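Notebook open, model loaded. I wanted to jot down what I looked up, starting with the pocket.

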Amino acid sequence: MSSALVVGYDPQAIPGVDGEALRAALDAELARFGEHGIDAAMTLIAFDAAAESILVASLVSHPWDVVVVGGGIRKAEPLLPLFEQVVNLIRRHAPQAAIAFNTSGGDSVEAAQRWL
């Protein structure tokens, strides 16, 4: 069974956003991986001192086939340093994994499938 790790920005850390509703949508997308025969997990991080240790723990917990980096991390210009950190941590701690990018929280499965 193929495996995918989805790395996203923690919706609870986004001011003015209904974090619970966004988390429910992310969880629904995570469930879709199973429907496609892909073992998947999600790691949500914020732009803070804990991001690196949280992400590294997830990256080394399993030999991932693909890591999907969500748009919440990639698209916001103020998060560019976090995006760079995420890509470099993936390269360092999960070098066997392909790196994929979704266009929204609703197409992470398709992003992963491009590389599986």
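This is a predicted model: local features need pLDDT of at least 70, side-chain atom pairs count only at pLDDT 80 or more; totals for chains, interfaces and linings use all residues.

For my own record, a pocket is an open set of points on a 1 Å grid over the protein atoms alone, where a 1.4 Å probe fits and protein lies on both sides within 12 Å along at least five of seven lines; lining residues have an atom within 4 Å of a point.

Numbering runs from 1 along each chain as its sequence is written, and side-chain values use heavy atoms, leaving out hydrogens and water.

**Lining.** I found 22 residues lining the largest pocket, with Leu22, Leu26, Gly71, Gly72 and Gly105 nearest its centre. Strand 1, helix 1, strand 2 and helix 3 (71-74) each give two or more residues to this lining. Helix 1 has the largest share, six residues. Helices (H or I, at least four residues) and strands (E, at least two) are DSSP runs numbered from the N terminus. By class I have eleven nonpolar, nine polar and two charged residues in the lining. Here Ala, Val, Leu, Ile, Met, Phe, Trp, Tyr, Cys and Pro count as nonpolar, Asp, Glu, Lys and Arg as charged, and the others, Gly among them, as polar.

Next I checked the strands: four of them make an open sheet in the order 2-1-3-4, with parallel pairing. Strand 2 (38-45) and strand 4 (98-101) are the edges, each with a single partner strand, so one side of each has no neighbour in the sheet. Two strands pair if DSSP finds at least two bridges between them. Strand 1 (residues 2-9) and strand 2 share eight bridges in the parallel sense, and I picked out valine 7, whose bridge partner in strand 2 is threonine 43.

**Helices on the sheet.** Helix 1 (residues 19-35) packs on the sheet and touches strand 1 and strand 2, its direction making about 155° with that of strand 2. Axes are lines fitted to C-alpha atoms, for helices over the stretch in contact, with angles from 0 to 180 degrees between N-to-C directions.

**Arginine 32.** I found arginine 32 in helix 1. Leaving out residues up to four places away in sequence, arginine 32 touches Gly106, Asp107, Val109 and Glu110; contact means heavy atoms within 4.5 Å. Arginine 32 and valine 109 are 77 residues apart in sequence, yet 7.0 Å apart C-alpha to C-alpha.
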